[in-house]
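Hi,

Here is the structure I promised to pass on. Have a look at it first, and then read my notes below.

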Amino acid sequence: MKDKSPLYLLGLLLMVLGAFCTCKKPSGSVNPPVPIPQPPVTPAASDVAFWLTTGDGSVLLKEQSTSLIFGTTANNNPVIEVDTAQNFQTINGFGFTLTEGSAYVLNGMTASARATLLKELFGKDPASIGISYLRIGIGATDLSTHVYSYNDLPAGTTDMALEKFSIEPDKKDVIPILKEILAIEPTIKILATPWSAPVWMKDTNSFVGGNLKPEYYDVYSLYFVKYIEAMKGEGIVIDAITPQNEPLHPGNNPSMYMTASAQNNFIKNNLGPLFKASGISTKIIIYDHNADRPDYPLHILNDPITKTFVDGSAFHLYGGDISALSLVRNQHPDKGIYFTEQYTASTGGFGGDLKWHLKNVVIGATRNWAKVVLEWNLANDPSFGPHTAGGCTTCLGAVTIGGSVTRNVGYYIIAHAAKFVLPGSVRIGSSVAGNLKNVAFKRPDGKKVLIVENDGNDTQNFNLKFNGKWITTTLQAGAVGTYMW
């Protein structure tokens, strides 16, 4: 018998197996493809973490899953090069003003809801935005429930020894909220600012406008000392004060007019010497008004005696250009620069405000030597209050507190810096590439942070270059990205 081939035997085996098979497939069915086992895919690690907010609000401070690996593949993208060899100012913090009105709406929340929100605002965990600096009013601001000072007297009376001085008006809301914040973030720094002296010290006997009478310079200096000591007694350290909020804007309620010469004399002959004699270490920061009048802080800093009492100058940007901060700093490089107020309005748009404030306030102020950057109000109610009669009716808080909590554009403006740029970080070099406005920092832990705002009208691809290598990333028009590595 002739041997059968292997192919013949295989066919015979298949025929036998088919004869024993009793199962049928539905008409028209086919065998599904057998999947070929694949090794598990491990997502590529990213050298750079990237958080994004878009101008249309569709993405809000969200960490992106894009893998950003440093390499050397050539392309024609604009380049932002970060340089740790260039070192500028040390950062004290980013934050807001806690007005008495802010404290009032926060205190109206349930204890558990408030604790959750304050932890989100001031905590250091991944779910928090890490606010690290606060400004508060010495007495009422225009976003307070009512107008008050700590020494309000019947008309025609005075209190030269300040025997009736009391911070009692702040014990209902401001001080309890500050204590809750300090329990979350004990190292937060606090700047305190008056909107007006007690009316009996002013030449108009009114909370609106008027000048501090020279005969009350000494007693008003004591007013600051007693305030700092009273707050210390509550466990609240006042790191710095400014003598007057917006001294060239006497039309607010409350407000007080104070010329550069008057502020110079007050600090030189009264406030500075009394702080020194009383052992007060609280810093004195001058001006606290718009960038259109750099002559005001320069007038004071150019007095060699007054300058010894002054830590630095504070600015707003309702007028002038942010470059004025560098003008003042370059003439007095031994004194600090602070950016202490800018508001977003209920009448504004999310995208426009995000662009403008990132470009001019967060990026602009820090690129012009600011060690602190503060937006205006921390919290408001759904009617944009509380506010005094004549106070701001359109100021939009970082959060709106009603039946729920709404996070407004100011929240994201500050969060893109505060969450990542820790106190003690140092601004480092970063090149500007076209419409890609940016600023870079090195944190105390060695990590680098780059904040970029696409100020153009088109989506932009660009390279972030560091130590001879780069990653390629993209920002939509009007978007802001924070990169950390």
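**What I found**

Among contacts in the protein chain with a separation of 6 or more, 71% are between residues 24 or more positions apart. Bear in mind as you read that this is a predicted model.

**Overall build**

The protein chain has 11 helices and 22 strands. Its radius of gyration is 30 Å, well over the 23 Å that the globule rule gives for 485 residues, so the chain is more spread out than a compact globule. The C-alpha trace spans about 135 × 50 × 40 Å along its principal axes.

As for the surface, the protein chain exposes about 21000 Å², and carbon and sulfur atoms supply 54% of that. Of the 485 residues, 53% count as buried. On the charge side, there are 39 positive and 40 negative side chains, and the centres of the two sets lie 11 Å apart.

**Salt bridges**

The count comes to 14 salt bridges. Three of them are worth a look.

Start with lysine 171 and glutamate 234, whose closest N and O atoms are 3.8 Å apart. That pair links distant parts of the chain: lysine 171 sits in the loop between β5 (133–138) and α4 (174–184), while glutamate 234 is in the loop between α5 (217–233) and β7 (240–241), 63 residues apart. Both partners are partly exposed, lysine 171 at 37% relative accessibility and glutamate 234 at 23%.

Next comes aspartate 303 with lysine 268, at 3.1 Å from N to O. Aspartate 303 is buried, with a relative accessible area of 13%, whereas lysine 268 is partly exposed at 22%. The cut-off for buried is under 20%.

Aspartate 445 is partly exposed at 47%, but arginine 443 counts as buried at 11% relative accessibility. Salt bridges that share partners also join Glu168, Lys171, Lys179 and Glu234 into one network.

**A buried threonine**

Which residues does threonine 366 touch, not counting those up to four places away in sequence? They are Gln89, Ile91, Phe94, Val361, Val373, Arg427, Val439 and Phe441. Threonine 366 is in helix α10 (residues 350–367) and is buried, with a relative accessible area of 0%.

Most residues other than glycine have a negative phi, and most peptide bonds are trans. A few spots in this model go the other way.

- The peptide bond from asparagine 253 to proline 254 is cis, with omega near 0°; proline 254 is in the loop between β7 and α6.
- The bond from glycine 385 to proline 386 is cis too, with omega near 0°, and proline 386 falls in the loop between β13 (379–380) and β14 (395–396).
- Phenylalanine 384 has a positive phi near 65°. Its place is the loop between β13 and β14, and it counts as partly exposed at 26% relative accessibility.
- Tyrosine 287 has a positive phi of about 75° although it is not a glycine. It is part of strand β8 (residues 283–290) and counts as buried at 1% relative accessibility.

Cheers

Notes. Residues numbered from 1 in each chain as written. Predicted model: local features only at pLDDT ≥ 70, side-chain atom pairs only at ≥ 80, totals over all residues. Heavy atoms only, no water. Salt bridge = Lys/Arg side-chain N within 4 Å of Asp/Glu carboxyl O. Helix = DSSP H or I, 4+ residues; strand = E, 2+ residues; numbered from the N terminus. Buried < 20%, exposed > 50% of the residue type's maximum accessible area, 1.4 Å probe, protein only. Rg over C-alpha atoms; globule rule 2.2 N^0.38 Å. Contact = heavy atoms within 4.5 Å. Areas by Shrake-Rupley, 256 points an atom, 1.4 Å probe, with all protein chains shown as cover. Lys, Arg positive; Asp, Glu negative; His and termini not counted. Charge placed at Lys NZ, Arg CZ, Asp CG, Glu CD.
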